[in-house]
Amino acid sequence: MNRILCIARSIAGETGHRLLARLVEALGQHLEASFVAITYAEGEPPNRARIVFAVEEDASIETFRYDLNETPCARVYRGETVTIPCDLASLYPKEAEYEGYIGIPLRDTAGTVLGHLLVLSKDVIRDPELATAIVQIFSVRAEAELNRLVEERTRQKLISDLAALNTRLQGGYARLRRESIQKTGLMGLIAHDLRSPLSAILSQAELGRARLAAANNDPDKLDTGFRKIIDNADRMVGLIKATLERARHDSAAIQTAPSLAACRASSGSQSRPTFPRPRARASRWTSPPCPTSLPRSMTP
């Protein structure tokens, strides 16, 4: 009980990476272990383990990776709680340096083993049940902190992805707004250019009415005048049709290619949650050539 209290006091008030580092230090000190570590799974199914926090002979060591093959850790990654109080080398020759082993799986919220807490001793573990119980008690705290760190990483990644998406959407909105302004300006130019043939039509119509009202009207002149009205009207209709066709073509050319924002987190692992980067909306709009003046035949 004293050892549990001492370990609990060692990690009191700590969170995150600091808590995990202090936990392996406290376990190593109060269980008189030669090596204590928290590992993280690599591969699917796990075939390697990455040491994230470790102490050896009460001294912190650099992180490293190792193969799970022919180690007791492979059993832990299959979901077992493994306690080998002595003769570890006879079962696992790779561990010839150590005598005893305790390994507790650390699971994610879905129950998948994401890592483990291991204790290695160069001496025989004298009370394996008590030592295993102590390690299990604090493995729950380590497991909760690992899951919190995973969730925090996921949250930060989501925030980053949303910020990038917002930037792309703002950029797309700005582009579409500029294109809308350009189209509005273009329609103004077209309306200005349509005014000339419309004025010609109105002028010819007024002239035709005046000649019809005259007593000595000339049928040939009336026919010529009305033909001009018809020709100008036909040209105006053609210009309007061409403008509408160009507008339809440009509308079809504004392409949107959104990507499904589905989570593609790696199967069975929450260690590296990933989100696809949604592609920015790509838009392309080319303004039709604006005539600087109307053909001479369209003027009155």
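Which side chains meet in a salt bridge at 2.9 Å, N to O? They are those of Arg48 and Asp67, where a salt bridge puts a side-chain nitrogen of Lys or Arg within 4 Å of a carboxyl oxygen of Asp or Glu. This is a predicted model, in which local features need pLDDT of at least 70 and side-chain atom pairs count only at pLDDT 80 or more, while totals for chains, interfaces and linings use all residues. Residues are numbered from 1 along each chain as its sequence is written, and side-chain values use heavy atoms, leaving out hydrogens and water.

Let's stay with that pair. Arg48 lies in strand S2 and Asp67 in strand S4 (residues 65-67), 19 residues apart, so the bridge links distant parts of the chain; strands (E, at least two residues) and helices (H or I, at least four) are DSSP runs, numbered from the N terminus. Arg48 is partly exposed at 29% relative accessibility; the class lies between buried, under 20%, and exposed, over 50% (1.4 Å probe, protein chains only). Arg48 also meets Glu42 in a salt bridge (4.0 Å, N to O), and Glu42 is buried at 14%.

Beyond its neighbours within four places in sequence, Leu27 is in contact (heavy atoms within 4.5 Å) with residues including Val36 and Phe138.
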